[in-house]
Amino acid sequence: MRILQLSLNFSPNIGGLETHLSDLVSSLDKRGWEVFVLTYCPLTTYAKWKMYEKINNVSIFRIPWFTGLFYKLTSFPILEFIYLLPGFILFTPFVILLYKPVVIHAHGLIAGAIAVFWGKIFRIRTIISTHSIYGFPKKGLYVKFVKLIFYNSDYLLGLSQQAVSEIKSLGIPQEKVSNFTYWIDMKKFKKIPNAKAKLHWTNRFVVLFVGRFIPEKGIKDLLDASQLWHKKITLAIAGVGPMEEEIKKYVLKNKQILFLGAIDNSYLPLYYSASSLLIVPSINEEGFGRVIIEALACGLPVIGSNRGAILEAMDNSVGKLIDVNPKNIAHTVNYFYEHPSELESLSKNARSFAVQKYSEKNVEDIIKFYS
């Protein structure tokens, strides 16, 4: 069967959604599906990219587009929609005519709108996955538009129970809505021996942040917390985003902050294995936090914000859920620094927790809606 995956972002753009889509198309490829990915060129990551490439049964077409505007427009949904709509509107019908998919699987609202529009015209089944908690308003044109998209799709998949509840709150029939969960390659994400020595982090207590450099990720609170915790604790920050220059200013003031920049996904297990804690200090309703499950699979405990779907991704058997502010972050990090036996206990639980909840069997929760 042929399926069209429609998403604003895909590898080599960096992010949790991008990594999930790589996992999804890889799992479909192994099961004999023919997959066509229609996406944009990297919009938030500076990376080399190809307009077209084919890997086994997976074809990828990246639409050349204007970069540098994505983060500037995230607070203005209508402008963001206008910015990202034309490329998909133009290229999607050509892909449908040439490729003849039996299903369009769209990721996010903008891709979902395009999938529903062309799906109705070509009479193709459409599935929309939401990867965020949107916090839809009670009324207004925006929520009316979202309802129109959702009502006209065939199925809606939410990345968490909170996302599912949010979709159902719009009055969408519950038989059209289901839950899916990310998964990871357990052979890839596992504890790497001697990782600290390989990164020259021996004898360091490292708190690792991996994510986009945007305010919603709680980076400001994290940087402030690093000024409060024990001086022998190192903060390592990996990612890309508009707050990069602000982070670098902190690095100049504090030698215990390591700026890692963008790290290829294939190298992340090494950094997870060499760290003492992962921190996910989001101050918004986080959609899930893929880095959490990657870290747990590598035996790395997590300090996570008690917001959004982070509450579903982990529990206190593998880390600590906290109210995010600089004092709370610093207090929690200091506690684990001073109680290594408790940290070791959480580390022992982490791998089995991840294997039980986040293995590749989770892909079946998506595939069942394709047939």
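Helix H8 (residues 219-226) and helix H9 (residues 244-253) have axes that come within 11 Å of each other and cross at roughly 0°, so that H8 is roughly parallel to H9. Here axes are lines fitted to C-alpha atoms, for helices over the stretch in contact, with angles running from 0 to 180 degrees between N-to-C directions; angles under 35 degrees count as roughly parallel, over 145 as roughly antiparallel, 65 to 115 as roughly perpendicular and the rest as oblique. The model is a predicted one, in which local features need pLDDT of at least 70 and side-chain atom pairs count only at pLDDT 80 or more, while totals for chains, interfaces and linings use all residues. Residues are numbered from 1 along each chain as its sequence is written, and side-chain values use heavy atoms, with hydrogens and water left out.

## Helix contacts

Helices (H or I, at least four residues) and strands (E, at least two) are DSSP runs numbered from the N terminus, and contact means heavy atoms within 4.5 Å. On the H8 side the contact is made by Ile219, Lys220, Leu223 and Asp224, and on the H9 side by Glu246, Ile247 and Tyr250. These residues divide into four nonpolar, no polar and three charged, where Ala, Val, Leu, Ile, Met, Phe, Trp, Tyr, Cys and Pro count as nonpolar, Asp, Glu, Lys and Arg as charged, and the others, Gly among them, as polar.

Helix H13 (residues 326-338) and helix H14 (residues 340-357) pack at an angle of about 95° with their axes 5 Å apart, which makes H13 roughly perpendicular to H14. In this contact Tyr335, Phe336, Tyr337 and Glu338 of H13 meet Pro340, Glu342, Leu343 and Leu346 of H14, giving six nonpolar, no polar and two charged residues.

## Aromatic rings

The structure holds 23 aromatic pairs; rings of Phe, Tyr and Trp (its six-membered ring) pair if their centres lie within 6.5 Å, and planes under 30 degrees apart count as stacked, over 60 as edge-to-face and the rest as tilted. Two of the tilted pairs are set out below.

| Pair | Centre to centre | Angle between planes |
|---|---|---|
| Tyr40 and Phe88 | 4.9 Å | 40° |
| Phe136 and Tyr142 | 6.1 Å | 55° |

Tyr40 lies in strand E2 (residues 34-40) and Phe88 in helix H3 (residues 77-99), so the pair ties together parts that are 48 residues apart in sequence. Both Tyr40 and Phe88 are buried, a term that means under 20% relative accessible area, with exposed over 50% and partly exposed in between (1.4 Å probe, protein chains only). In the other pair, Phe136 is buried at a relative accessible area of 14%, whereas Tyr142, at 33%, counts as partly exposed.

Ring pairs also link Phe180, Tyr182, Phe288, Phe353 and Tyr358 into a cluster. Arg290 lies over the face of Tyr182, at 5.7 Å from the ring centre, and the charged end of Lys253 sits over the ring of Tyr250, 5.8 Å from its centre; such a charge is counted if NZ of Lys or CZ of Arg is within 6 Å of the ring centre and within 35 degrees of the ring normal.

Glu294 lies in helix H11 (residues 290-297) and counts as buried at 2% relative accessibility. Leaving aside neighbours within four places in sequence, Glu294 is in contact with Thr19, Ile184, Phe189, Asn265, Leu268 and Tyr272.

Glu286, in the loop between strand E12 (277-280) and H11, is also buried, at 10% relative accessibility. Not counting residues up to four places away in sequence, Glu286 touches Ile133, Lys217, Arg307, Gly308, Ala309 and Ile310; of these, Arg307 is 21 residues away in sequence and 6.5 Å away in space, C-alpha to C-alpha.
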